[in-house]
Each structure stands twice: as C-alpha cells, then as structure tokens.
Amino acid sequence: LTPHGASLAGIPFMTRCSAVIEIFPDLYGRTDFYGTLAAMAGVNHSFVYLGDGPVQDPNLLPAEVKIRARNEYLCAPENAIIQAIRIQIDRWHNCCGFGGGLG
C-alpha cells in the first residue's frame, strides 16, 4: 500500500503473486505505468483514486495542477482501502491456485 511514486520501482523484485495497492491524489494518475510493470512481473496491482472525476494523465495537466496534486495530503477513506485489500486477497487466492476468495 503506497502512494504513486518512485517507491514502486521495486515491483520487478517482488515475489510472483504479491500485491501492490497504489494511491493517486485527485487530478493525478498514471494507472497504466506501474500497473503494466506489475503485470510484467506477475504482481497483482490495483489502485485507489482519491478524486471525484476521472483519472487524468499528469503529462496533460498544467504544471501548477501537478504541483498541487503532488503536495496533497493522501488520506484514503478506509472503505476504499478495505475494498482494494479484498480485491488483492481474491487475486492472490487465484494466482496461488487456492480458488475461492472473499466474494
């Protein structure tokens, strides 16, 4: 469970079937960037987006919006975190061949 950023560069060194939950601030996100890296490494990836609107590609945003988004305090609602964790547990069960899950 981590905010979007360089700390996710270690994904390729994670064990197959591991899980990453990435948190994006409002108006900022590249869900395909570390999600693709995770898929290539056999790591389950999901994200929690803290905005109300659609996820935006930061490369298309004005500089002042990017700076504001990067400086935003990331406090995800507990229900969003719990939902992301449940998704990852189900994916872990399927990846490891346990079947079933939390439903």
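**Close-ups of ring pairs and a buried glutamine**

Counting ring pairs here gives 2 aromatic pairs. Keep in mind that the model is a predicted one.

**View 1. Phe 24 and Phe 47 meet edge-to-face.** The two ring centres sit 5.7 Å apart, and the planes make an angle of 75°; since an angle over 60 counts as edge-to-face, that is the label this pair gets. Phe 24 belongs to strand 2 (residues 19–24) and Phe 47 to strand 3 (residues 44–49), so the pair ties together parts that are 23 residues apart in sequence.

**View 2. Phe 33 and Tyr 34 make another edge-to-face pair.** Here it's 4.7 Å from centre to centre, with 90° between the planes. Phe 33 is partly exposed, at a relative accessible area of 45%. Tyr 34, on the other hand, is buried: its relative accessible area is 9%, and the cut-off for buried is under 20%.

**View 3. Gln 88 is a buried residue in helix 3.** What does Gln 88 touch, leaving aside residues up to four places away in sequence? Its contacts are Ala 19, Val 20, Ile 21, Asn 44, His 45 and Ser 46. With Val 20 there's a polar detail to look for: a polar atom of the Gln 88 side chain lies 3.4 Å from the backbone oxygen of Val 20.

Definitions and conventions
Residues numbered from 1 in each chain as written. Predicted model: local features only at pLDDT ≥ 70, side-chain atom pairs only at ≥ 80, totals over all residues. Heavy atoms only, no water. Helix = DSSP H or I, 4+ residues; strand = E, 2+ residues; numbered from the N terminus. Buried < 20%, exposed > 50% of the residue type's maximum accessible area, 1.4 Å probe, protein only. Polar contact = N/O pair within 3.5 Å; in protein donor to acceptor, adjacent residues only side chain to side chain. Contact = heavy atoms within 4.5 Å. Phe/Tyr/Trp six-rings, centres within 6.5 Å; stacked < 30°, edge-to-face > 60°.
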